[in-house]
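The questions below concern charged side chains and their surroundings. Please keep the structure in view while reading.

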Amino acid sequence: MSMGPGWYLRRLSRMEPREVGGRVGDAVRRRRWRAAPPDCPAVTDARFTAVLPAGAVAAVAPDAAKRLVAEADRLMAGHAEFFGVARDDLADPDWWYDPRTGRRAPSGYAFDVPYRSEDAVGDIKQIWEPSRHQYLTVLAAAYAVTGDERYAERVAAHLRSWWSANPPLLGVHWISGIELGIRLLSWVWVRRLLDGWPGAADLFENDPVARNQIWHHQRWLAAFPSRGSSANNHVIAETAGQFAAACAFDWFPSSARWRTDALRSLDRHLRSNTFLSGLNRELATEYHGLVLELGLAALAEADTAGVPVPATLRLVLLRMTDALAAVVDDRLRPPRQGDADDGHGLVLDGAGTERWASLLATGQAVFGRLDWWPEASGTDVRTPLLASLIRPNAKDGAPSGVARPASRPGHFADAGMTVLRGPGGIWCRCDGGPHGFLSIAAHAHADALSVEVRHDGVEVLADPGTYCYHGQPEWRRYFRSTLGHNTLELDGEDQSVSGGPFLWTRHARSRVLAAGPCDASEDGAARWSGEHDGYQGSVHRRRVELAAASQELRVVDEVSGPRRDVRLAFHLGPAVAADLVGDRALLTWINDGEGRSAVLDLPGQLTWRAHRGESEPPLGWYSPGFGRKEPTTTLIGTGSVDDAAAFTTVLTFRG
């Protein structure tokens with residue numbers, strides 16, 4: 001997907017003058033670096049002291065270690081999967097090759113590479129992901145746990161291969177700051193985990209090639225920060241990686257300045273990227289997880305290096321952790337809101353480790369768990385290692401004078417997110433919040449007033465997910481669209497106006513009219529209502545009520561304004577089968593070996609049809625992870641709406 005002049009004009013229109021000035025400075029700097037690339041200064045006494053404390057590795061649970069070693073052995077055999085594409089070439093990877101399209105990225109000065117064009121480069125996510133080197137942290141962790149030098153030797157061979165194939169400022173891996181930041185964090189942990197290996201020092205601090213790469217990564221990040229309308233999760237990854245490297249690899253004349261500047265930026269942007277309630281402002285749940293992982297990793301580096309951090313940094317991470325504990329369902333799975341690209345901040349675990357349970361376990365180890373938190377079942381490698389680096393006096397919970405929630409929050413007013421809960425593990429997320437973050441709302445979907453409904457962890461009414469970013473514009477449009485969510489569409493248009501795959505030029509404004517109680521057991525029913533103005537000349541209002549006794553969820557949609565065509569969508573989860581007769585659907589699924597069912601009574605004023613796995617245009621799909629999609633059933637009701645018309649949908653669980 002290449003961008004034409006129209007996109008650049010639309011993108012420019014979303015920038016403030018200060019951002020424009022900064023980007024002009026970036027362009028000048030790129031030209032100067034092309035003519036005279038900066039040189040890494042000489043280093044005479046480089047040492048690595050940011051090691052794990054004694055006993056940290058021994059604290060890893062045996063089953064977590066077993067999963068880790070199994071994953072490491074698959075990697076040693078050359079097998080891995082990135083975004084749904086299985087690879088068997090990881091024993092000796094081509095760092096510029098995209099296996100999905102078969103294309104290889106062109107060489108040359110990094111800032112000349114047209115990375116947004118799949119025709120020229122291939123699928124950039126497929127190329128970038130292995131070079132985050134998070135599979136190398138897995139191999140390094142396997143060495144730390146087992147002492148088997150085969151893992152360490154493979155890590156060393158791959159790092160030297162990467163450094164040779166990707167000299168500074170040349171090629172596709174020197175374009176995006178988030179990639180450089182996460183890669184630096186991976187290198188810090190690789191060096192830490194290999195500390196007992198005799199070749200560790202010669203791989204890093206004693207090797208001028210390694211030092212040159214580390215210096216250039218930090219110099220790049222200091223020179224080209226994400227700014228203005230792009231200062232979202234990317235800037236967190238950039239500053240976290242920069243700070244981690246400046247703490248652990250503090251070998252250069254600029255290390256102290258880089259460390260100070262990165263910490264100041266990280267603290268400022270963590271605060272600007274996070275609501276006071278603790279939810280991430282992008283309103284894209286996976287990025288909440290990414291930012292929290294990156295922030296905790298940076299905190300660990302600060303405490304290991306003895307660098308004081310602002311109290312606000314710990315406070316934001318604490319609030320994010322409590323917010324995550326508040327919104328997960330009974331199976332510890334959070335909402336599927338907004339974009340998701342399977343991005344992780346730090347990977348030390350094997351397949352089969354539950355990401356969100358692991359993150360809650362880390363939060364519990366760092367901040368302490370509250371009585372209302374769900375139990376974080378299972379074990380992982382990351383928690384004991386990461387938590388071992390954080391100062392003991394930072395694990396006592398909230399900073400002095402800060403009160404944590406006494407009971408589980410259900411309504412997050414600043415984020416516009418409400419989670420209703422009922423008996424039998426009924427979980428319902430209602431969306432009445434802002435359309436994403438900053439002027440471009442890069443990772444937002446046109447999903448105002450949408451709902452997600454789960455029963456004992458099974459998705460009944462599902463958010464279909466994301467699937468892709470680049471190269472497949474029709475699929476990108478569908479998974480971001482209003483029709484691609486459990487909400488109401490007017491006249492075939494999205495509620496917000498897209499200007500590109502990561503750009504919205506007009507944002508629907510939503511507001512919550514009422515929220516609470518959020519737990520149906522408190523008052524016999526849980527309630528929520530909201531509205532948005534995304535359809536000019538019309539207002540869409542939605543009311544949701546969850547009745548405890550009847551296990552009935554009632555959704556009432558009202559539209560005020562002129563007569564318009566309407567489509568009301570309900571996307572079923574991939575485990576749910578539907579038998580639609582007229583305006584009633586019998587829903588059935590299996591959970592833990594037991595049959596479950598529900599009845600979905602749909603508005604009779606609309607004509608209903610079930611869609612599944614259609615491609616022209618896309619409809620009836622669910623994306624379980626980035627790069628993967630599978631058919632699922634979507635129920636679409638079509639008709640027209642007059643002023644003040646109302647549509648009532650009732651979902652009744654039968655057990």
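Q: The side chain of Glu293 meets which residue in a salt bridge?

A: This is a predicted model, in which local features need pLDDT of at least 70 and side-chain atom pairs count only at pLDDT 80 or more, while totals for chains, interfaces and linings use all residues. Residues are numbered from 1 along each chain as its sequence is written, and side-chain values use heavy atoms, with hydrogens and water left out. A salt bridge here is a side-chain nitrogen of Lys or Arg within 4 Å of a carboxyl oxygen of Asp or Glu. At 3.4 Å from N to O, the partner that Glu293 meets in a salt bridge is Arg382.

Q: How many residues apart in sequence are the parts that Glu293 and Arg382 tie together?

A: The side chains of Glu293 and Arg382 form a salt bridge. Helices (H or I, at least four residues) and strands (E, at least two) are DSSP runs, numbered from the N terminus. Because Glu293 belongs to helix α13 (residues 285-305) and Arg382 to helix α16 (residues 382-388), the pair ties together parts whose separation in sequence is 89 residues.

Q: Is Asp26, the salt-bridge partner of Arg29, buried or exposed?

A: The side chains of Arg29 and Asp26 meet at 3.2 Å, N to O, and the two residues, 3 apart in helix α2 (residues 17-35), are separated by about one helical turn. Buried means under 20% relative accessible area, exposed over 50%, and partly exposed in between (1.4 Å probe, protein chains only). Arg29, at 23% relative accessibility, counts as partly exposed, whereas Asp26, at 6%, counts as buried.

Q: In which strand lies Arg454, the salt-bridge partner of Asp329?

A: The side chains of Asp329 and Arg454 meet in a salt bridge at 2.9 Å, N to O. Asp329 lies in the loop between α14 and α15, so the pair ties together parts that are 125 residues apart in sequence, with Arg454 in strand β6 (residues 451-455).
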